[in-house]
Amino acid sequence: MRWFLVGLVAQGGCFVRSLRAAAPIRPFSTVLLDPGHGGMDNGGMSRPLPGGRLLEKDLALDTARRVAQLLRSRGFHVVMTRTDDRFVDLDERVKVANRLGPGAVAVSIHYNATGDRSIRGAETFFWHADSHGLATRIDRNLEAVVGGSARGLVRRRLRLTRNPTIPAVLVECAYLSNAREASLVAQPQVRERIARAIADGIVEEARFGDEGIAAVPEIWAPLSRGSEGRKVSKQSRKKRHRKHHISASVESVDPAQALPCASVLGGKLRASVNGWL
Ligand SMILES: [Zn+2]
């Protein structure tokens with residue numbers, strides 16, 4: 001096992017540190033692009049628009065295709081976990097990443113949605129220290145296009161940020177639940193700008209590595225309680241925003257922090273919990 005976690009009890013909480021080293025950055029020429037969701041899994045969605053609701057699975061695939069084209073034009077070998085509207089299990093996505101091995105990075109592309117329609121902005125998730133530079137560069141470029149949220153760059157263990165053995169980042173390009181952002185990302189030219197921002201971040205990381213990147217932030221998180229496992233099983237079929245809250249508890253992180261779109265957690269919450277912890 002290439003990594004492990006250290007929890008230091010401090011005033012009722014703990015500091016969590018991933019010890020998978022950040023440096024030296026491994027050069028990479030292969031990029032795995034992972035369009036979120038697909039098939040029966042729509043992901044998040046917008047409110048009804050004149051052309052119908054925007055589905056996260058469609059926007060993620062469209063954006064990933066654009067990123068792929070941009071990267072290939074710059075000489076990268078690009079692999080995609082899906083190229084059409086089909087369901088791909090989260091663990092299968094991780095397996096694809098791990099089969100690529102050294103010399104590759106993974107970027108999962110999503111659009112977020114939440115019950116609070118005022119929340120907006122791009123968010124970029126990473127977990128391992130060796131993914132911090134890539135996440136930082138993508139987030140910087142994306143925020144210049146979409147605008148940042150209060151969260152922006154978020155260190156969070158998700159199945160797609162924790163389990164890949166290669167540097168892995170999950171990008172939430174914008175909030176479909178925010179009317180302004182939904183109207184923007186409905187436009188192909190805006191998605192092209194988003195794709196270019198993601199591609200630029202990848203290219204910069206390949207070129208410069210972690211040079212100039214700030215230290216990896218530590219996470220302060222309250223300790224989990226033994227009862228939370230039961231809460232999950234009882235409430236796993238509740239509304240999506242409840243899933244968010246419960247999952248945050250199980251994951252031992254501050255529930256006020258950003259969470260990715262609910263379906264990143266997987267089809268069944270119990271399976272997701274196993275994947276997260
Ligand atoms: Zn998603």
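The buried residues of helix α6 (residues 188-208) pack against β3 (30-35), α1 (56-73), β5 (104-112), α3 (132-146), β8 (168-175) and α5 (179-185), where a residue is called buried if 20 or more other C-beta atoms, placed from the backbone, lie within 10 Å of its own, exposed if 12 or fewer do, and partly exposed in between. Helices (H or I, at least four residues) and strands (E, at least two) are DSSP runs, numbered from the N terminus. The model is a predicted one, in which local features need pLDDT of at least 70 and side-chain atom pairs count only at pLDDT 80 or more, while totals for chains, interfaces and linings use all residues. Residues are numbered from 1 along each chain as its sequence is written.

Helix α6 has 21 residues and reaches 30 Å from its first C-alpha to its last, close to the 30 Å expected at 1.5 Å a residue, the expected span being 1.5 Å times one less than the number of residues. Its buried residues include R191, D200 and E205 as well as I194, I198 and I202. Just after α6, G209 takes a positive phi of about 60°. Not counting residues up to four places away in sequence, I198 touches V67, V107, I138, L142 and V171, a contact being a pair of residues whose C-beta atoms, placed from the backbone, lie within 7 Å.

In soluble globular proteins, nonpolar side chains tend to be buried together.

Strand β5 is mostly covered, with nine of its nine residues buried; A104, A106, S108, H110 and N112 point one way from the strand, and V105, V107, I109 and Y111 point the other way. β5 pairs in the parallel sense with β3 over six bridges, and six bridges likewise join β5 to β8, again running parallel, two strands being paired if DSSP finds at least two bridges between them. S108 of β5 stands opposite D34, and in β8 the bridge partner of S108 is L170.

In helix α2 (residues 90-100), the buried residues are L90, R93, V94 and A97. Seen down the axis of α2, these residues fall within an arc of 100°, so they line one face of the helix, the arc being that of the directions from the helix axis to the C-beta atoms. The face of α2 turned away from this buried side carries the exposed residues E92 and R99, and G101, just after the helix, takes a positive phi of about 70°.

R156 lies in the loop between β7 (148-155) and α4 (159-162) and counts as buried because it has 23 C-beta neighbours inside 10 Å. R156 and P260, although 104 residues apart in sequence, are 9.3 Å apart in space, C-alpha to C-alpha.

Over the protein chain as a whole, the secondary structure comes to nine helices and nine strands, and 45% of the 277 residues count as buried. The average pLDDT, the predictor's confidence in each residue from 0 to 100, is 78, with 69% of the residues scoring at least 70. Over residues 1-14 the pLDDT is below 50, and this stretch has 24 contacts in the model beyond near neighbours in sequence.

Notes:
Two residues are in contact if their C-beta atoms, placed from the backbone, lie within 7 Å.
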